[in-house]
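Colleague: I would like to learn how to read the pockets and the core of a model. Could you take me through them one at a time?

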Amino acid sequence: MAIADTPDDQAPDEASARVLCDTALVAAAAPTEAAVAWKLAESGRQLDANVVRLTPGRHVAPHAEPDLDVLLLVVSGGGVLGGRDGDEAQPLAPGALAWLPHGSTRSITAGGDGLAYLTVHRRRDGMRIGRAR
């Protein structure tokens, strides 16, 4: 199954449910360092979603997201989910579903086989250029 994309500037005629991609195929493609391998690009969407691939040992540094809850689903590989200093790291394996509540500190480190995961959260408004009010 291939990835089905709708360009950002081309909305479907009407809202319709459809398969967007096969996450196993996206995760299996040759990774480069740390990269977004797929992203939801449908116009008019209320959600953002990404498949992220980390090569073995790569990590997402500890950070806190102040505004958005995030769901993280491990697609392939493994690693660990870290939290605040003193929190116990939690293992990540295929099928693991993690909730990252807004305001929480989190980090992600890929294991020896690398790590691919899907994230889903409410869409952020894009930056806009305009006059100051």
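Modeller: A pocket is an open set of grid points with protein on both sides within 12 Å along at least five of seven lines. Keep in mind that this model is predicted. Its largest pocket has a volume of about 300 Å³.

Colleague: Which residues are the closest to the centre of the largest pocket?

Modeller: His63, Val70, Arg106, Thr119 and His121, out of 17 lining residues. Two or more lining residues come from each of β2, β3 (59-64), β4 and β7. The largest share belongs to β7, with 5 residues.

Colleague: How many of the residues lining the largest pocket are nonpolar, polar and charged?

Modeller: The lining holds 9 nonpolar, 4 polar and 4 charged residues.

Colleague: Now the core. Which members of the largest nonpolar core touch the most other members?

Modeller: A core is read as buried nonpolar residues joined through their side chains. Here the largest one has 13 residues, and those touching the most other members are Leu54, Leu72, Leu92, Ile108, Leu115 and Tyr117. The elements giving it two or more residues are β2 (47-54), β4 (70-82), β6 (97-100) and β7 (105-122). There is also a second, separate core of 10 residues, with Cys21, Ala49, Val75 and Ala116 among them.

Colleague: What is Ile108 in contact with, beyond its neighbours within four places in sequence?

Modeller: Ile108 contacts Leu54, Leu72, Leu92, Leu115 and Tyr117, and also Arg58, His59, Val60, Val80 and Leu81.

Colleague: Let us end with a single residue. Is Ser76 buried or partly exposed?

Modeller: Burial is read from relative accessible area, with buried meaning under 20% and exposed over 50%. Ser76 has a value of 24%, so it is partly exposed. Ser76 is located in strand β4.

Colleague: Which residues does Ser76 contact, leaving aside its neighbours within four places in sequence?

Modeller: Ser76 is in contact with Ala27, Pro94, Gly114, Leu115 and Ala116. A distance can be read too: the C-alpha atoms of Ser76 and Gly95 are 8.0 Å apart in space, while the two residues are 19 apart in sequence.

Methods. Residues numbered from 1 in each chain as written. Predicted model: local features only at pLDDT ≥ 70, side-chain atom pairs only at ≥ 80, totals over all residues. Heavy atoms only, no water. Core = buried A, V, L, I, M, F, W, Y, C linked by side-chain atoms within 4.5 Å. Buried < 20%, exposed > 50% of the residue type's maximum accessible area, 1.4 Å probe, protein only. Helix = DSSP H or I, 4+ residues; strand = E, 2+ residues; numbered from the N terminus. Contact = heavy atoms within 4.5 Å. 1 Å grid on protein atoms, 1.4 Å probe; cavity = no way out; pocket = protein on both sides within 12 Å on 5 of 7 lines; lining within 4 Å. Points joined across faces, edges and corners; volume = space filled by probe spheres on them. Nonpolar A, V, L, I, M, F, W, Y, C, P; charged D, E, K, R; others polar.
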